[in-house]
Amino acid sequence: MIPIILKILRTGIVSEPAPAAREEWRARSAQIQAGVLKLLGRALVIRHVDAGSCNGCEIELNALNNPYYNLEGLGIRFAASPRHADMLLVTGPVSKHMEQALRIAYDAMPEPRLVVALGDCGRDGGIWGESYATCAGVAKVIPVDVVVPGCPPPPAAILQGILTAIAARGGGDEVT
Amino acid sequence: MRVPGIGLDVRALPGAMPVAHARVDPAQWSEATRLAREDAGRLVALWGADDRDRGRGFAILAALAVRDGLVVIELALDADSPSYPDLSGLFPAADRMQRAAFDLLGIYAQGAADKRPWLRHGAWREGEFPLRRDFDAAAKRENAPDRYPFVRVEGDGVHEIPVGPIHAGIIEPGHFHFSVVGEKVLRLEERLAYTHKGADRRFQDFTVAEGYRLAGRISGDSTVAYAWAYAQAAESLLGIGIPPRAAWLRALMLERERVANHLGDLGALGNDAGLAFGLSQFMRLKEDWLRASAEVFGHRFMMDCIVPGGVTADVAGAHLAALPRQADSIEAESRALQDIFDEHSGIQDRFITAGRVTPDLARKLGLAGLAGRSSAQAFDLRADFPCAPYGELAVKKVVYSAGDVAARVHARFDELHESLRLVREILSRAVPGEIRDGLPASRGGFGVGWVEGWRGEVLVALEADAHGRIRRAHAHDPSWQNWPLIEHAVIGNIVPDFPLINKSFNLSYSGHDG
């Protein structure tokens with residue numbers, strides 16, 4: 001136990017400040033009222049769905065959980081069930097074999113729900129394009145709020161995409 | 001090169017690895033595979049081709065690792081009844097590969113027992129074959145979910161737990177069908193191919209010079225291994241070498257990729273055994289490592305840095321001193337964490353005896369790569385058939401025989417530290433010079449690349465037409481060999497140990513699904 005505690009103390013706190021939102025990644029104007037977004041911004045639950053990625057995006061998503069990014073400190077965490085999630089984070093070009101599972105996961109989410117498409121594949125199919133086996137991007141299957149480009153997008157960019165989706169801008173109505 | 005004991009007309013392919021190609025008849029196909037098996041050979045990959053546009057039928061190809069290197073045997077198949085002798089009796093790993101070859105091409109193994117589809121779910125219909133040249137890729141198809149006939153286990157108290165394709169964590173999709181009694185797993189059956197992206201067909205939209213980008217996205221965690229294997233295949237096909245410095249830099253990247261993955265896996269294994277501290281610490285080290293790769297090579301995973309003809313990025317200036325220094329500090333931290341792991345009775349209790357694959361089972365079923373070496377299958381291409389610069393590096397092969405989660409954890413620590421040594425060694429010994437040669441004029445031909453990635457042997461086979469367009473490509477992930485072993489490794493274990501056992505193999509879904 002003592003070596004563990006000493007190691008934690010010596011390591012210290014390595015967390016870095018969160019990046020700013022990027023409005024240019026917004027795919028459609030916000031569908032959720034700004035007041036709700038403000039609440040989500042303090043306790044956002046994300047369900048990730050790999051819809052046929054090469055696993056590069058998953059490595060960076062896992063990296064987002066490392067101490068540098070302090071995700072939980074920002075009130076953001078990943079959940080096992082779409083029924084507990086406010087946001088669906090989707091990677092991959094949407095393989096035909098994941099199309100149905102992706103729809104089911106989306107349908108299982110309670111409203112209001114946000115969708116972030118991750119990476120060049122999630123944006124438009126990336127290098128896989130549209131084929132007998134792939135759907136050319138997440139927006140071909142479910143509505144997308146924010147697209148984060150990159151192959152894969154590094155963790156800081158993924159965080160920016162998440163924060164963009166919950167930023168109370170892009171046409172959402174203020175709640176009075 | 002020859003397969004011991006048979007008079008095959010083999011043609012050695014030029015290139016970095018000892019690879020030969022032989023056209024065989026059905027009798028030679030059976031004989032060569034039998035002799036390879038008897039001589040401790042391994043089936044590395046199996047795939048098919050449609051050559052009907054060239055006035056021939058179909059073809060089935062098998063890559064066999066034998067004492068002298070890799071022999072690719074190719075059997076021409078009749079256009080109307082394209083069948084070949086079943087290999088799954090000799091090499092059980094052939095079973096799924098043969099089913100995949102049927103799903104893509106409609107060629108089949110005579111007498112194979114399992115005729116269920118493997119890659120095909122609902123994206124294309126029964127009787128359609130996406131790799132056939134007359135496949136209508138543009139046709140609109142109803143993407144109907146299929147009903148896969150899982151094997152039923154019956155008896156008192158047996159119940160089933162279906163898991164996936166979407167799993168609980170941030171991982172790739174696949175389906176696991178458990179039959180359990182109480183907490184104990186009686187049987188696990190896997191259903192994969194949810195991430196099938198039609199890679200082999202997509203390759204045909206690229207030229208030999210371009211295809212490395214697709215190869216680097218077959219399995220993102222092994223992008224360097226795939227890009228290198230692709231580059232080897234392309235360079236073999238074109239009959240060219242690479243500048244000596246490029247080979248050193250490729251090895252640097254391959255070892256950096258191994259270090260990154262092992263750091264991540266060690267953290268995740270600690271976490272799955274209940275030590276979140278291990279995850280935080282190792283993920284911090286991995287992040288430091290990936291950031292250094294981004295700074296030096298311009299990409300955290302070094303994607304697209306290996307190209308046919310060489311590499312795109314060099315190490316120079318302050319990086320020459322910074323990278324070995326970082327390897328030193330990561331090693332010091334990792335060794336300290338290894339002591340904590342070793343002395344932590346809680347996680348050792350979870351690791352030891354969990355998910356055991358005995359050396360005998362590993363040999364019979366052909367367990368590959370890191371997991372294979374943890375079950376006494378002592379194969380490592382970097383040591384067995386060292387291409388430049390590995391011949392000068394004397395890679396220490398890491399072998400354990402316990403075959404449990406603990407062995408796979410030990411193997412990761414040892415390989416991590418060996419790779420950190422290699423990183424330092426490469427940086428101090430790499431010769432100066434050019435890093436990339438231009439490519440010669442396009443030409444047709446066949447080439448194979450074969451690289452020991454962090455998970456195991458990655459193979460890329462490449463065939464081009466006279467204009468340099470890819471005519472047929474096949475990328476093979478060692479996960480093909482190892483997925484079936486997880487079904488065995490979990491038998492008799494409790495369900496809650498499955499995530500830990502699965503993680504200790506850490507297989508690629510995307511690499512397998514293609």
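Helix 15 of chain B has these buried residues: B:Phe498, B:Leu500, B:Ile501, B:Asn502, B:Lys503, B:Ser504 and B:Phe505. A residue is buried if 20 or more other C-beta atoms lie within 10 Å of its own, exposed if 12 or fewer, and partly exposed in between, with C-beta atoms placed from the backbone. Helices (H or I, at least four residues) and strands (E, at least two) are DSSP runs, numbered from the N terminus. The model is predicted; local features need pLDDT of at least 70, side-chain atom pairs count only at pLDDT 80 or more, and totals for chains, interfaces and linings use all residues. Residues are numbered from 1 along each chain as its sequence is written, while chains are lettered from A and ligands numbered from 1 in the order in which they are written.

Seven of the eight residues of helix 15 (residues 498–505) of chain B are buried, so this helix is largely enclosed by the rest of the structure. Its buried residues pack against helix 6, helix 9 (345–351), helix 11 (369–373), helix 13 (405–429) and helix 14 of chain B. Contact here is a matter of C-beta atoms, placed from the backbone, lying within 7 Å. After helix 15 of chain B comes B:Asn506, with a positive phi near 40 degrees.

Helix 2 of chain B is mostly covered too: twelve of its twelve residues are buried. Among them are B:Arg96, B:Met97, B:Phe102 and B:Asp103. The cover includes strand 3 (42–50), strand 4 (58–66), strand 7 (108–110), helix 3 (199–203) and helix 14 (479–489) of chain B. Length is a simple check. The expected span is 1.5 Å times one less than the number of residues. For the twelve residues of helix 2 (residues 94–105) of chain B this should give 16 Å, and the end C-alpha atoms are 16 Å apart, which agrees. B:Gly106 follows helix 2 of chain B, and its phi is positive, near 75 degrees.

Now to chain A. It has six helices and five strands. From the N terminus on, they run α-α-β-α-β-β-α-β-α-β-α. The radius of gyration of chain A is 17 Å, close to the 16 Å from the globule rule for 176 residues, so chain A is as compact as a globular protein of that length. That radius is taken over C-alpha atoms, and the rule is 2.2 Å times the number of residues to the power 0.38. Of the 176 residues of chain A, 56% count as buried.

Strand 4 (residues 114–118) of chain A has five of its five residues buried. In a regular strand the side chains alternate between the two faces of the sheet. Here A:Leu114, A:Val116 and A:Leu118 lie on one side, A:Val115 and A:Ala117 on the other, and all are buried. Strand 3 (residues 87–91) of chain A pairs with strand 4 of chain A in the parallel sense over five bridges. Pairing requires that DSSP finds at least two bridges between the strands.

A:Val116 also belongs to the largest nonpolar core. Of its 224 residues, A:Leu102, A:Val116 and B:Ala229 touch the most other members. Helix 6 (residues 244–272) of chain B gives the most to this core, with 14 residues. Such a core is a set of buried Ala, Val, Leu, Ile, Met, Phe, Trp, Tyr and Cys residues joined through C-beta atoms within 7 Å.

Technical notes: Contact = placed C-beta atoms within 7 Å.
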